[in-house]
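Student: Could you take me through one part of this model up close? I'd like to hear about the packing inside, with the cut-offs spelled out.

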Amino acid sequence: ARYFDISTPDITLFPIGGVARLERMPEEPGQEFVIAVAGPLVNVAIAALIFALLGGSAGVEQMAGIEDPRMNFLARLAGVNVFLVLFNMIPAFPMDGGRILRAALASRLSWSRATQIAATIGQGLAFVFGFVGLFYNPLLIFIGIFVYLAAAAEAQNAQIREVATSVLVGDVMITEFARLERSATLDEAIEMLLATTQHDFPVTDSAGRLEGLVTRNDMIRALKEKGPAAPVAGAMRHD
């Protein structure tokens with residue numbers, strides 16, 4: 001990620017592994033592919049190194065006996081790394097396989113559409129995990145729930161990102177401000193405060209000339225001290 005100038009503020013550890021939080025999403029599908037595939041490749045390298053140290057004597061049975069303390073420690077460690085590769089390559093968020101799938105789809109589709117497809121596949125696999133967990137290992141039910149929620153969150157983030165990139169600041173900014181005349185009462189000011197999204201109101205004279213500004217906090221303080229019938233002019237600020 002740092003190669004593409006993307007920092008990783010932190011890594012959240014879950015029972016099924018760690019998830020790195022990127023400062024921003026990669027801009028190109030190829031970048032996400034490289035970042036996502038880097039993790040499994042590290043596990044492949046570790047497993048290959050251990051296998052080489054053992055002189056190729058670590059068989060499948062030894063590596064499969066991860067929980068058996070009688071097995072060779074290095075062989076079990078190699079087995080753990082092989083398992084992590086297989087697990088992380090499952091095409092479902094937040095595993096690396098889900099991001100690799102999205103990167104592959106995004107090379108032909110839009111980012112949002114690719115995310116939706118990858119998330120749907122991930123949620124389908126989540127149901128498979130849950131169903132299998134009912135008959136074999138209950139831990140799979142937890143993994144299924146986790147994968148389903150992660151896929152839903154990723155799809156939602158993609159939708160927000162798509163909307164955010166298509167909306168200009170000018171489309172959502174306030175261009176018309178409600179104003180108060182200096183003769184208005186605090187009661188009228190509170191009504192306007194509740195009826196609009198403004199927290200600050202310009203105060204004008206009868207001719208429309210600006211005289212000051214009254215904020216939400218100013219209104220509340222004056223309302224408590226002077227009552228609702230007091231004029232706004234007594235609560236406004238001039239600086």
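Tutor: Let's start with the largest nonpolar core, which has 15 residues; a nonpolar core here is a set of buried Ala, Val, Leu, Ile, Met, Phe, Trp, Tyr and Cys residues joined through side-chain atoms within 4.5 Å. Buried means under 20% relative accessible area, exposed over 50%, and partly exposed in between (1.4 Å probe, protein chains only). Leu-180, Phe-201, Val-214, Met-219 and Val-232 are the ones touching the most other members. Helix H8 (186-195), strand S4 (200-204) and helix H9 (216-226) each give two or more residues to this core, and H8 gives the most, with four. Those labels are DSSP runs numbered from the N terminus: helices are H or I with at least four residues, strands E with at least two.

This is a predicted model, so keep in mind that local features need pLDDT of at least 70, side-chain atom pairs count only at pLDDT 80 or more, and totals for chains, interfaces and linings use all residues. Residues are numbered from 1 along each chain as its sequence is written, and side-chain values use heavy atoms, with hydrogens and water left out.

Now zoom in on Met-219. Skipping neighbours within four places in sequence, Met-219 is in contact (heavy atoms within 4.5 Å) with Leu-180, Leu-186, Ala-189, Ile-190, Leu-193, Phe-201 and Val-214. Apart from this core lies another, of eight residues, including Phe-87, Met-95, Ala-126 and Phe-129. Ala-126 and Phe-129 are also among the buried residues of H5. Phe-135 is found in that helix too (residues 111-135), but Phe-135 is exposed, at 57% relative accessible area.
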